Amino acid sequence: MSVRARVLHVTTVPMSLRFLRGQVGYMRARGYEVHALTSPGEELDAFGAREGIPVHTVEMRREITPLHDLGALRRIVAAIRRVRPDVVHAHTPKGGLLGMLAAAAAGVPVRVYHMRGLPMMTAGGKRRALLRATERLSCSLAHQVICVSHSLREVAVAGGLCPPEKIRVLAGGSGNGVDSAGTYSPERWSAEERRGLRARWGIPEGATVLGFVGRIVRDKGVAELAEAWRSLREAHPELHLLMVGPAEPQDPLPAAVLDALRADPRVHLAGMQPSAAPFYAIMDLLALPTYREGFPNALLEAGAMELPVVATRIPGCVDAVVEGVTGRLVEARDAAALEEALRGYVADPALRAAHGRAARRHVVESFGQEVIWEALDGVYRELLARRAGRRPAPAAEAGEGARA
């Protein structure tokens, strides 16, 4: 099989490579040569070894650091010139900006920016203006912008970040679809395994477990969750809170909030984990009271694991939750509404079960991974053909064309 095209994925930090799980093998099977470039770290080396692809390192910082960013940009340009990709596919705001700037400087034939979220949505003042300008620049340098959700695309178009003809959503949306048949199948864990997992984290067998998966920061609504939790724990002595994710120094929680969570014997802080799947297996429902999202994978993962969810009525979340069917949506920053919605599920096991089953059906039917990957393959073929001045090959011929 001849190599169809060389694709270089650019992300700011290795953790973001989780967006590509499964996708790399799918694309390689269709004739693409895939590379990844991000900041150095064990997670990058593990990803390269697991996926069997070359990986490249350039130190990048998630925060705005102009002098460091200029140095990173020069090194990314040099790496691109060594790799000589046909496609640079850049992800996340900082990785997207540096990736698109470097790809344009190096003359890469096809440039794709994957818009996975807009930090400007919760920023203000000069920071908001700067973030808006960088998003517009990334979009202008890209030949194609892919947005993870239809609602986020509407925000980007209405805000003048990207012209509507240049930005698209793959299938129903999401970053990479959900492996509902494997990783996120509730049938993977027996009752005995679930008991063992609960025991490992000090959770009684008969407890009801409210879960949270994500970065433990302000923007994820953790302060509101902590406030709702204070009332819920008093009304429901059997209730435990299991939180999976890192407490990051960027956008930190108030110290008093984090200290209270750490001191509560019924709150279990699991920290950063290689996979959230085992933790979904011991939860009864999920809360994600986030202020901003592109498309929250946690909602789809939880749904695939037959968990109802309570999330916020914001772009991204509204694409993942069917109100009153697979979960509930409440206004962001409203701890009282969050508590009320959570209380309804905590008090009604039958409702949890019914909405959990509906959530899994919704995820299986609408967010399969191969549907997303096939659509992305089509985008690559279309863009490569356009640059070469020819018609794109049909999907059935994937992997059979000459390298562009």
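H89 touches V7, L8, H9, V10, V112, H114, I146, L376 and Y380, leaving out residues up to four places away in sequence. Contact here means heavy atoms within 4.5 Å. This is a predicted model, so local features need pLDDT of at least 70, side-chain atom pairs count only at pLDDT 80 or more, and totals for chains, interfaces and linings use all residues. Residues are numbered from 1 along each chain as its sequence is written, and side-chain values use heavy atoms, with hydrogens and water left out.

Back to H89. H89 sits in strand 4, residues 87-91. Strands are DSSP runs of E, at least two residues, and helices are runs of H or I, at least four, numbered from the N terminus. Is H89 buried or exposed? Its relative accessibility is 0%, so H89 counts as buried. The cut-offs: buried is under 20% relative accessible area, exposed is over 50%, and partly exposed is in between, with a 1.4 Å probe and protein chains only. One distance for scale. H89 and P289 are 200 residues apart in sequence and 30 Å apart in space, C-alpha to C-alpha.

T92 lies in the loop between strand 4 and helix 4 (93-105). T92 is buried, at 13% relative accessible area. T92 has a positive phi of about 70°, although it is not a glycine. Most residues other than glycine have a negative phi. D251 is another such case: not a glycine, with a positive phi of about 55°. D251 is in the loop between strand 9 (239-244) and helix 9 (255-263). At 28% relative accessibility, D251 counts as partly exposed.

Next, helix 6, residues 150-158. Which residues of helix 6 are buried? They are S151, L152 and A156. Seen down the axis of helix 6, these buried residues fall within an arc of 140°, so they line one face of the helix. The arc is that of the directions from the helix axis to the C-beta atoms. On the other side of helix 6, E154 and A158 are exposed. What do the buried residues of helix 6 pack against? Strand 5 (110-115), strand 6 (144-147), strand 7 (167-169) and helix 12 (317-320). Just after helix 6, G160 takes a positive phi of about 75°.

S39 is in the loop between strand 2 (32-38) and helix 2 (42-51). S39 is buried, at 4% relative accessible area. The S39 side chain reaches the backbone nitrogen of M60 at 2.9 Å. D264 is in the loop between helix 9 and strand 10 (267-271). D264 is buried too, at 11%. A polar atom of the D264 side chain lies 2.8 Å from the backbone nitrogen of R266. Beyond neighbours within four places in sequence, D264 is in contact with W229 and R233.

Last, a helix pair. Helix 13 (residues 335-346) and helix 14 (residues 349-366) pack at an angle of about 100°, with axes 6 Å apart. Axes are lines fitted to C-alpha atoms, for helices over the stretch in contact, and angles run from 0 to 180 degrees between N-to-C directions. Helix 13 and helix 14 are therefore roughly perpendicular to each other; that term covers 65 to 115 degrees, with under 35 roughly parallel, over 145 roughly antiparallel and the rest oblique. Helix 13 brings G344, Y345 and V346 to the contact, and helix 14 brings P349, L351, R352 and H355.

How values were computed
Polar contact = N/O pair within 3.5 Å; in protein donor to acceptor, adjacent residues only side chain to side chain.
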